[in-house]
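Hi everyone, thanks for coming.

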Amino acid sequence: MLRTNIYLPETQVRAVDEVASRQGISRSEVIRQWIDDGLAHDHGSGLTDAIIDESFGILRDLDVPPRGQTSRQEHLDNLWRQ
């Protein structure tokens with residue numbers, strides 16, 4: 001096993017420590033398990049590709065008015081108000 005140092009915000013350290021305490025394992029073991037889980041679910045396509053694939057067509061039933069001649073920001077503001 002190789003030693004690796006990483007910097008984590010205090011909030012993440014506390015969260016990892018809570019999980020470690022509940023499971024009765026070390027902080028390092030929690031992080032190793034999470035890394036293994038992340039690598040097992042990567043499937044080589046990357047998280048961004050998976051998110052795009054899963055979200056494609058999600059708004060297909062949304063009735064969006066045509067953009068017309070307004071600016072992009074005005075168009076987005078109008079959509080937000082709906």
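First, some housekeeping. This is a predicted model, so keep in mind that local features need pLDDT of at least 70 and side-chain atom pairs count only at pLDDT 80 or more, while totals for chains, interfaces and linings use all residues. Residues are numbered from 1 along each chain as its sequence is written, and side-chain values use heavy atoms, with hydrogens and water left out.

Okay, the fold. The protein chain has four helices and zero strands, and along the sequence that reads α-α-α-α. Helices here are DSSP runs of H or I with at least four residues, strands are runs of E with at least two, and both are numbered from the N terminus. Of the 82 residues, 6% count as buried. Buried means under 20% relative accessible area, exposed means over 50%, and partly exposed is in between, using a 1.4 Å probe on protein chains only.

Now find helix H1, residues 10-23. H1 has 14 residues and reaches 20 Å from its first C-alpha to its last, close to the 20 Å expected at 1.5 Å a residue. That expected span is 1.5 Å times one less than the number of residues.

Which residues of H1 are buried? They are Val16, Val19 and Ala20. Seen down the axis of H1, these buried residues fall within an arc of 100°, so they line one face of the helix. The arc is taken from the directions from the helix axis to the C-beta atoms. What do the buried residues of H1 pack against? The answer is H2, where contact means heavy atoms within 4.5 Å. On the other side of H1, Glu10, Thr11, Ser21 and Arg22 are exposed. Ala15, also in H1, is partly exposed at 39% relative accessibility. Just after H1, Gly24 takes a positive phi of about 70°.

Next, the largest pocket. Its volume is about 480 Å³. On a 1 Å grid over the protein atoms alone, a pocket is an open set of points where a 1.4 Å probe fits, with protein on both sides within 12 Å along at least five of seven lines, and lining residues have an atom within 4 Å of a point. Grid points are joined across faces, edges and corners, and the volume is the space filled by probe spheres set on the points.

The largest pocket is lined by 13 residues, and Thr4, Asn5, Ser28, Ile31 and Arg32 lie nearest its centre. Helix H2, residues 27-40, gives the most to that lining, with five residues. The lining divides into seven nonpolar, three polar and three charged residues. Here Ala, Val, Leu, Ile, Met, Phe, Trp, Tyr, Cys and Pro count as nonpolar, Asp, Glu, Lys and Arg as charged, and the others, Gly among them, as polar.

Last stop: Val64, in the loop between helix H3 (47-55) and helix H4 (72-81). Val64 is partly exposed, at 39% relative accessible area. Not counting residues up to four places away in sequence, Val64 touches His75 and Leu79. In the segment after H4 sits Gln82, which is exposed at 59% relative accessibility.
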